[in-house]
Amino acid sequence: MVSFDVVAEAGEARRGQLQISDRTLETPHLFPVINFYAGGNEGALFGGGVHRTIKEFLAHDNEVTGGEDYSDLFRGVMTSISSLADYGIREKKLDWYLGNEIREWDCFSDYNGMIFADSGGYKILKQGGLEGKDFEKDIDQDKALDIQLALGPDIVVNLDHPIHPDDEFEDRIEKMEQTAANAARFAERRDEVDGACYLTVHGYYEAMLERSFDLIEDELAEPIPEAFDGIALGSLVPRKDNVEVLVEAVSDCKREMQQRGYDDLPLHVLGISGNAMPLLVAVGADTFDSASYLHQAINGKYCVNLFETVPIDEANFDSCECRVCNDDFHRARMRNEMDDLYQKDILGSVAAHNLAVQQRELRKFRQLIAEGDKDRVAEYLEEAVKDQKGFRKFAYQLINERINPYFEETDTTYA
Amino acid sequence: MHKKPQVNEVNEFIEIASDFEDPLEVIREALSNSYDADATQVDIKIEQDKEGRNTLVIEDDGHGMDEDDLSSFFDLGNSNKDDAIGYKGHGTKIYYKSDEIRVETVKDGTRIESVMNQPWAKLNNRELPTYSIEKASSDEPSRTRIEVHGFRAGQGFDPQKLTYNKIEHYIKWKTIGGSTAWHFTDDFHRMDITVELSSTIDETRDQIQTDNRLEFSPENRDPDGELVAEKMCKHYPPRELTVALDDGRELTIEVVGMVGGKEARNELPTYGKHSAQFGIWLAKDHIKVERYNDAIGADNEFFHFFFVANCQELELSANREKIRNKSGDVYQAITDELDRFMTKVCQDSWYQKYIERRKLEDKKRSIRSQESTLEERRQRTEEQGGLSPSNSAEVIAMLERYSANGAPETVKIADFQMDDEVNAILDTENGLENASLQVKLSDFFADESPLTHIDRFVCWKLGDLDALSQIERSSYMGESIRFDFQNNEVRYGDESPKLIPVLELSEKVS
């Protein structure tokens, strides 16, 4: 059973509850990307360096968590089938990995968050399939879904052919048609999925998104809401640093969904997190996924807030309110003050902190939306971008156009 | 032992009085003093006699001065006005640049007359001038009249320098007469101002009658017409921005302004270079001091904006021309908040429409200009009876025409790269050929381009045959060269010369 209920709205931002079987997720939500399988064996939670440390957080490994429960950071996670081949594994190991669903392994048996299994379209199509040490597998929609289902996911998404901003028109159409064909095939196997099916759409502005929806609708044998439980907007990663493009794309996607009567479906934004999230929530995005929290940590960066990072050795853990930084155990780890620490232990705590910072902002936003006051949303956005010189004009533009005009048309009175 | 530092009083007076460079600053000080004295009317007269001696007379209906006030008037740095424009006690020292200062003032039933003789001459003689005081009872209402005789205005008050127009704009731009305070309070202290110049200075009009309110150009948000963006104007209503400093203090910035096109802006007062006065002005006592155009950001042009942001926490130099506390946290906090405020203004939908409309109108003007250029081109084409190539695209068109009209060979453009030496690859009966396609063949050689990869020249005309002939007489890039136009070829090199055919289209295409 899948349902998405909007429980509160503030302007275009909405707070929702995504219910899939017996799991519930409060939205807006960020799905942190987790590599469940990273070349290792079960005893090492299937390996992956810092990825492994994050899995140890997820699986309540007391040696890593310091005894605290950090499951609130992982109420819903994203994993991609394309990451299965990231570690040059042999086919035998791949088959072994896929022999059990994620929660069927003892180490993950207690994990009760949602698992969103991405098809990894971008990476798979770029590499031409899944390529390990002794195998190459062409991946089509059926094979992608087979692998996704083997993970035991709560949410799956069709294999898409992401577009690129520099694509020629003809190339873009071809990719959209391939995505539409995949979506149709995916919909045919809808009954095999014991969870939610998301549909990918692509585009940077309304006309492009309109075409993406049209092509999919033409291919499908039934209306989108009957075949799919959510919409996933893709292809935004190449424009992840251009918040204006991101806001326009999400906003236009929402408009298309409204016009086509799909507004009751949740909207997921693939591959985006960080500073753009509040603005995208303000225009109606419900969920996100990203590995940026990990990549930042791997690159030695500690998030001060959604906008700023500092090198880990310059971080002031005492001024951070997140649970990780308020835990002596993790502060000692991040300061490299404990014996026999591996780099993955230090960076794992930093990654958890980076994730906590992003989750904290979304939690605040959920509370604000629950108040149902769009002025409070505007205040929150203003405060968030207060010192972000290059970024704030986009926030102000959004507030001015979508929430509250700063200068009313009729506002000509003087004191 | 402790020693007390000494002050050279005479030098200090000279120094402060000399800080005032623009003689019109005397008007600013007079208006500030009258305003501080709660005057509702101030009248200023400036006279110049035939010898160029200036006399200023300033009269106001303010609360007048008692003996202590008069001391502050003449003393240096001894203002008794804590919360006033002239709190430093520097401003009136501009009057010292004169032959005589005469003050007549009535306060609380006492009339005081005071005279200071030859203040400037005495100061320059290293002597501290003194002033007389005569007191008498009076039943007159409070008032003050100040006469400054022989004011040293340099050439500033000369008829060719000083006009009513200049003073009026100065008052609105540089003095309390251009205050934006009235936007922020219902209890505004209004002061009417008149300025009269003697006929020896300007006799073109009657005296100036104004008040202490800066008014923006009339709003014109959506004018009718086709090319009207320059007339557009919107007022941005007064806003009080509050900023908390790290030490807990709270600053208030009072900001008000307008955005407008050139015609709208031209209706504003100006002093100095008009175009250099727009943008964001930081003000104290609601009098503009310095611009801070960084607040507008690089995406926008400052000249569309005229905003005044007042903050009483700004500290000014003695002549009020500069902000002194720029390196402190107060200034930083003010400018940070202004950055935010102006970013919001720049996101206002009217402003965005105004900018869009300007762009659209620029395009329309450009189309009109193109239309007239087009007309000229058509006329020229008719006169010359058809295409006469002046660029490579037109040479390509001619080449196509040549191939299509019974040429002995078919030569087509297979590829074209504008700036390359081998700019064209030709599809010929012999296969692909590397070619240089030129309007004039001589242009190729004028650029001293290498011939290494060129199989053929295609040109509209040969061009400057004398220039080519001159190249033949010397050498071309170290090798001999011959232009054989009988056989339409270029022969290049000494030992095994390379023959490069030349296709001259003007001879072959009618």
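This is a predicted model: local features need pLDDT of at least 70, side-chain atom pairs count only at pLDDT 80 or more; totals for chains, interfaces and linings use all residues.
Residues are numbered from 1 along each chain as its sequence is written, and chains are lettered from A and ligands numbered from 1 in the order in which they are written.

**View 1**
Two residues are in contact if their C-beta atoms, placed from the backbone, lie within 7 Å.

**View 2. The largest nonpolar core and a second, separate one.**
A nonpolar core is a set of buried Ala, Val, Leu, Ile, Met, Phe, Trp, Tyr and Cys residues joined through C-beta atoms within 7 Å. Buried means 20 or more other C-beta atoms within 10 Å of a residue's own, exposed means 12 or fewer, and partly exposed lies in between; C-beta atoms are placed from the backbone. The largest core holds 130 residues. Leu233(A), Val250(A), Leu279(A), Leu280(A) and Ala351(A) touch the most other members. Helix 13 of chain A (residues 343–371) contributes the most, with 12 residues. Helices (H or I, at least four residues) and strands (E, at least two) are DSSP runs, numbered from the N terminus. Beyond its neighbours within four places in sequence, Leu280(A) contacts Leu246(A), Val247(A), Val250(A), Val269(A), Ile272(A) and Ala285(A). A second, separate core has 84 residues, among them Leu56(B), Leu162(B), Ala283(B) and Ile334(B). In soluble globular proteins, nonpolar side chains tend to be buried together.

His60(A) follows the helix, with a positive phi near 55 degrees.

**View 3. A five-stranded open sheet in chain B.**
The strand order is 9-10-13-11-12, and the pairing is mixed. Two strands pair if DSSP finds at least two bridges between them. Strand 9 (233–244) and strand 12 (287–291) are the edges, each pairing on one side only. From one strand to the next, the twist averages 25 degrees; axes are lines fitted to C-alpha atoms, for helices over the stretch in contact, and angles run from 0 to 180 degrees between N-to-C directions. Strand 9 and strand 10 (residues 250–260) of chain B are antiparallel, with 10 bridges. Within this pair, Lys234(B) is bridged to Val259(B). The loop between strand 11 (279–284) and strand 12 of chain B holds His286(B). Phi of His286(B) is positive, near 65 degrees. His286(B) counts as buried because it has 22 C-beta neighbours inside 10 Å.

Strand 18 (residues 481–484) and strand 19 (residues 489–492) of chain B pair antiparallel over four bridges. Asp484(B) stands opposite Glu489(B). Four residues lie between these strands, and Asn488(B) has a positive phi near 55 degrees. Asn488(B) is partly exposed, with 15 other C-beta atoms within 10 Å. Strand 19 also pairs with strand 20 (residues 498–504) of chain B, again antiparallel over four bridges. Here Tyr492(B) is the bridge partner of Lys498(B). This hairpin has five residues between its strands, and Gly493(B) takes a positive phi near 110 degrees.

**View 4. A cis peptide bond in chain A.**
Thr27(A) and Pro28(A) are joined by a cis peptide bond, with omega about 0 degrees. Pro28(A) sits in the loop between strand 3 (23–27) and strand 4 (29–32) of chain A. Most residues other than glycine have a negative phi, and most peptide bonds are trans.
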